[in-house]
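Me: Could you take a close look at one part of this one for me? I'd like the local picture, then how it sits in the rest.

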Amino acid sequence: MYDKIRVFSGNSNPNLAQKICDVLGVPLGNARVKTFSDGEVMVEICENVRGRDVYVVQSTCAPTNNNLMELLVMTDALKRASAATITAVIPYYGYARQDRKAAPRTPISAKLVADLVTTAGVDRVVTIDLHAAQIQGFFNIPVDNLYAAPVILNHLKERFTGQDIVMVTPDAGGTERARGFAKRLECPMALIDKRRTGPNVAEVMHLIGDVKGKIAIILDDMIDTAGTLTQAAGALKQNGAAAIYAAATHGVLSGPAIDRINGSVIEEVLLTDTIPLGAHAERTSKIKVLSVAPLLGEAIRRIHEDESVSSLFV
């Protein structure tokens with residue numbers, strides 16, 4: 001049915017790419033992606049893609065620069081192999097937090113990456129939960145910014161049906177996200193007011209809302225060093241929360257993140273597979289992973305068949 005579709009993967013998301021292929025009922029494309037001893041990336045497309053609609057699945061997570069170069073080099077290889085269209089499926093868009101000039105003489109790296117991807121020959125980008133939605137405007141090609149909310153919501157509904165829960169946002173920037181979840185789960189929400197004292201450093205100030213005796217679910221778009229998350233959990237515990245869970249789309253989990261989660265009062269952290277877990281993260285029992293493959297597979301199907309993708313944004 002999808003003879004014209006070819007799905008390829010770099011080294012960042014091979015398992016997710018295979019799951020997407022299983023959803024679509026197509027084989028994973030045959031490509032060799034390797035790094036020479038001097039660090040240069042080499043890609044060889046080992047099948048005919050002339051006139052095909054190609055989808056390259058590659059998160060630009062750690063090692064960020066290497067994965068980004070793999071995406072760019074693979075795009076160039078596909079373009080020179082006469083692919084009809086090239087869609088970059090970037091479940092996690094690296095450099096997204098550098099979306100503005102936060103200080104004098106600093107770059108807007110999210111825009112630079114958008115220019116690189118476009119110049120390489122990508123015709124369309126599909127991503128999930130951009131850190132800042134306005135990054136879509138950095139591209140001069142179509143961008144589908146999907147939301148992992150349906151995947152996480154379905155799990156939360158099954159897990160906490162009939163229980164007294166409250167959705168918690170760890171900062172004011174996530175209020176809209178938490179409000180949307182609270183509305184669909186028909187539960188209240190709370191907000192933690194925090195003051196950031198430096199990069200990757202946060203100081204929890206106080207809680208706005210009632211969590212006493214309730215199951216608190218901290219909701220964020222990503223978990224990086226887990227400093228904000230674990231401090232928020234501590235504040236919730238001090239304010240009488242009965243149990244504390246966390247949910248996020250992107251598990252960056254850099255630096256001391258896993259040790260912080262293991263040593264915290266959080267009972268479980270819910271993540272998606274936009275970023276594969278590292279070996280340390282896989283060993284902890286506190287992390288549960290949900291797959292976004294059905295969501296991305298459906299998006300690819302609709303793009304290929306010229307159907308609306310907008311209903312997947314809700």
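Reply: Let's start with Q98, which is in contact (heavy atoms within 4.5 Å) with P107, I108, S109 and A110, leaving aside its neighbours within four places in sequence. Keep in mind that this is a predicted model, where local features need pLDDT of at least 70 and side-chain atom pairs count only at pLDDT 80 or more, while totals for chains, interfaces and linings use all residues. Residues are numbered from 1 along each chain as its sequence is written, and side-chain values use heavy atoms, with hydrogens and water left out.

Q98 sits in the loop between β5 (85-90) and α3 (109-120); helices (H or I, at least four residues) and strands (E, at least two) are DSSP runs numbered from the N terminus. At 33% relative accessibility, Q98 counts as partly exposed, a label for anything between buried (under 20% relative accessible area) and exposed (over 50%), using a 1.4 Å probe and protein chains only.

Why look there? An unreviewed UniProt entry lists Q98 under "binding site", along with D38, G39, E40 and R97. These residues span 61 residues in sequence, and their farthest two C-alpha atoms are 29.2 Å apart, so they do not all gather at one spot. UniProt positions are in the numbering used here, feature names are shortened, and annotations may be inferred rather than shown by experiment. D38 is in another loop, between β2 (31-35) and β3 (41-45), and at 55% relative accessibility it counts as exposed.

Now for the interior. A nonpolar core here means buried Ala, Val, Leu, Ile, Met, Phe, Trp, Tyr and Cys residues joined through side-chain atoms within 4.5 Å. The largest has 45 residues, with V7, I20, L146, L156, M167, F181 and L296 touching the most other members. Helix α9 (residues 293-304) gives the most to this core, with six residues. Domain 1 (5-146) and domain 2 (149-291) both contribute, so the core lies between them; those bounds come from an automatic or database domain assignment. A second, separate core has 34 residues, including A96, V117, V125 and I141.

Helix α9 also holds R302 and E298, four residues apart, about one turn of the helix. Salt bridges (a side-chain nitrogen of Lys or Arg within 4 Å of a carboxyl oxygen of Asp or Glu) that share partners join E298, R301, R302, E305 and E307 into one network.
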